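Work through these exercises with the model open. Try each task before you read its solution.

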Amino acid sequence: MSVKVVKLQLICEQTNKKGDIVDYRDIYKILWKLQEQTQNIKNKTIQYCWEYFNFSSDYYKEKHEYLKEEDVLNYESLDGYIYDKLKTESDLYSKNCSATIRNTWKEFNNLKSDFIKGKCSIISYKENQPLDLDGKTIKIEYKNNTFYANLNLLNKEAPKMYDFKNTIIKFKIIVKDNSSKVTLERCIDGIYGISASKMIYDKKKKTWYLNLAYSFGNEVVANLDSNKILGVDLGINYPICASVFGDLKRFVINDNEIYKVRKRIEARKRSLLKQGKNCGDGRIGHGINTRNKPTYDIEDKIARFRDTTNHKYSRELINYAVKNKCGIIQMEDLKGITENANKFLKKWTYYDLQKKIEYKAEEKGIKVIYINPKFTSQRCSKCGFIFRDNRESQPKFCCKKCGFKENADYNASQNIGIKDIDKIIEMEYKYSCES
């Protein structure tokens, strides 16, 4: 089962008990209050998790055995215990409140080892938190040529305060493209299932959005070879270069499109920033957000272009993998890219591209494996010789031992396409150092 997300703009269409449309500003106040309560619940959940972790650690030191939550708390899991403690502290609908606590508890567990090692500080949630929505609290309907989202957001007591008929708040969905329309139609028809989603407030645009998650069965491809690996190199000369080890054929995405669009857009952005510093009284008088609005619009344009392009590239790569019956895609693990990373990789968010490749591969039944990227660009894919000067320039590779010459990205993809290549490189490098 695969899960995807579509971002949908929401317009308030809520009515009161008399049937009159409620002012959107009043609805926004309610949603902001729910955001504040969500922030409070998340931070209290972290506090409970941290206290229980310290308690269980002390218990293990003394007894040399681990605590079982059901024995101590009389609950199957810690998130159930926390929910009972916090369920009356907000106006959130019960399933959404439970989802918030469960997600926070999972996030704490995922980062627990980093807390212990001092790699990161304890999580502290700030304002403008997204509202968690259980899939069962969302109903999409279509009336009078318009899509609506009926969202169960409030607990049983809240409608009395706000003069609403029930716990549901209704929104009109702004559909901007045919893809979103098809997705909503399939959700209504039951072809897609609605999964846990989020409501997000965009401060710049002063608008609420629904990040609607929907699920569907995988289109698993038959006759994929589980031993055939497509090595994928993500780099500067080519955004993507992929090949099967020993195969002269290759899948290549040329950088010209990215370079031209990015250069044009960023030049425009720099121009707008200069204009913002020297703008007239009309723009200055409305504050920094108004002054910088054109720049924000450019940033949104860059983000949309990047997202669209990464979708296109990942789809083309998966089609190539299917065509060549590759049961495995192997890529370098780039999630550690930080301030020391190549500027281009950071700017183009190759990690985002990898995640898109990953879920599209899953839909087709292709397994994705990540390897340590160390020395894959310096190793000769013909003889295995590792040497920094093998890579003569960004696009050129020439082995100083056997004389093999090729495009550097293709050579890297050949290395990445070898099973257990990171272990092989580790052994080869160790042997070369010893000798």
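**Exercise 1. The end of a helix**

Which residue just after H12 takes a positive phi?

Solution. Some ground rules come before the steps. This is a predicted model: local features need pLDDT of at least 70, side-chain atom pairs count only at pLDDT 80 or more, and totals for chains, interfaces and linings use all residues. Residues are numbered from 1 along each chain as its sequence is written, and side-chain values use heavy atoms, with hydrogens and water left out.

Step 1. The residue is Gly365, with a phi of about 85°. Helices (H or I, at least four residues) and strands (E, at least two) are DSSP runs, numbered from the N terminus.

Step 2. H12 covers residues 350-364, which is 15 residues. The expected span is 1.5 Å times one less than the number of residues. That gives 21 Å for H12, and its end C-alpha atoms are 21 Å apart, so the two agree.

Step 3. Buried means under 20% relative accessible area, exposed over 50%, and partly exposed in between (1.4 Å probe, protein chains only). Buried residues in H12 include Tyr350, Leu353, Ile357 and Ala361.

**Exercise 2. Rings**

Classify the pair Phe385 and Phe387: what is the angle between the planes?

Solution. Step 1. Rings of Phe, Tyr and Trp (its six-membered ring) pair if their centres lie within 6.5 Å; planes under 30 degrees apart are stacked, over 60 edge-to-face, the rest tilted. The structure has 18 aromatic pairs.

Step 1. The centres of Phe385 and Phe387 are 5.8 Å apart and the planes meet at 35°, so this pair is tilted.

Step 2. Phe385 is partly exposed at 27%. Phe387 is partly exposed too, at 33%.

Step 3. Find the aromatic cluster. Tyr24, Tyr28, Trp32, Tyr201 and Trp208 form one.

Step 4. Look for charges over rings (NZ of Lys or CZ of Arg within 6 Å of the ring centre and within 35 degrees of the ring normal). Lys170 lies over the face of Tyr148, at 4.5 Å from the ring centre. Arg250 sits over Tyr410, at 3.6 Å.

**Exercise 3. Confidence**

What is the average pLDDT of the chain?

Solution. Step 1. pLDDT is the predictor's confidence in each residue, from 0 to 100. The chain averages 85, and 85% of the residues score at least 70.

Step 1. Where pLDDT is low, the predicted coordinates should not be read in detail.
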